[in-house]
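Here are some friendly notes from one colleague to another. They begin with a ring and its accessibility, then move on to the packing.

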Amino acid sequence: LFAPVYLLYRRSWGWGILAALASLLISLPGTLLLVLWSNDPSAQPASYLMFAQAASVYLTLAFRILFTLFSIRMIRRSAARRTQRLRRENPSDADFQAALAAHAGPSWVGVALYVAVVTSVSVVLMQFAGPELATVLFGG
C-alpha cells in the first residue's frame, strides 16, 4: 500500500501506477478471502486460494524489499527526465522556473486519487459481492 502512495506523491506516475497494479494483484487473494468470508463465515476456501494467500505474504515482503532498494533511484530518474523535458520546453530561465514551480514537487492530488480509487473499488466490491459472486468465484 505504501509504495504506490509514495511514488505518486513524488510524481513518479509510471512507477506509481505500476506499483499500484502490482500491489492490487498481490493483495487479490486476501481480498477474495474477505469476500468469501463476508458472505459465509463458516465457508472453507479452496486450497489454491489458501496457497495464493500464503504466497502473497511472501510476495508482499519481496515487493517491499525491492521498493526499499530501488525507489530512490526510480524517483530520481523520473524527476531528472521531467526536469529535462521542462528545460527543453521552456528555454528561458523565467519560463523554466515558472514551469518548474507548476509541475514539480509533491503531488497530494495523486495520493488523494489513489486513496479514492482503492477505497471506491473496495466498497463497491464488498457492497456488490453477494452470495452469487462467492459461488461464481469459489464454487458450491
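1. Let us start with Tyr6, which counts as partly exposed because its relative accessibility is 23%. The scale behind that word: buried is under 20% relative accessible area, exposed is over 50%, and partly exposed is in between (1.4 Å probe, protein chains only). Phe67, with 13% relative accessibility, therefore counts as buried.

2. Before going further, please keep in mind that this is a predicted model, in which local features need pLDDT of at least 70, side-chain atom pairs count only at pLDDT 80 or more, and totals for chains, interfaces and linings use all residues. Residues are numbered from 1 along each chain as its sequence is written, and side-chain values use heavy atoms, with hydrogens and water left out.

3. How many aromatic pairs are there? The count is two, taking rings of Phe, Tyr and Trp (its six-membered ring) with centres within 6.5 Å; planes under 30 degrees apart are stacked, over 60 edge-to-face, and the rest tilted. Tyr6 and Phe67 make an edge-to-face pair, with 6.2 Å centre to centre and 85° between the planes. This pair links distant parts of the chain, since Tyr6 belongs to helix 1 and Phe67 to helix 3, 61 residues apart. Helices here are DSSP runs (H or I, at least four residues), numbered from the N terminus.

4. Tyr9 and Trp108 have ring centres 5.0 Å apart and planes at 65°, so this pair is edge-to-face. It too joins distant parts of the chain: Tyr9 is in helix 1 and Trp108 in helix 5 (residues 108–128), 99 residues apart. Tyr9 counts as partly exposed because its relative accessibility is 22%, whereas Trp108, at 61%, counts as exposed.

5. Which residues make up the largest nonpolar core? Its six residues are Ala3, Leu7, Ala19, Phe67, Met74 and Ile75. Such a core is a set of buried Ala, Val, Leu, Ile, Met, Phe, Trp, Tyr and Cys residues joined through side-chain atoms within 4.5 Å. Helix 1 (2–9) and helix 3 (47–89) each give two or more residues to this core, and helix 3 gives the most, with three.

6. Arg11 deserves a look: it lies in the loop between helix 1 and helix 2 (13–39). Arg11 is in contact (heavy atoms within 4.5 Å) with residues including Ser78, Arg82 and His103, leaving aside neighbours within four places in sequence.
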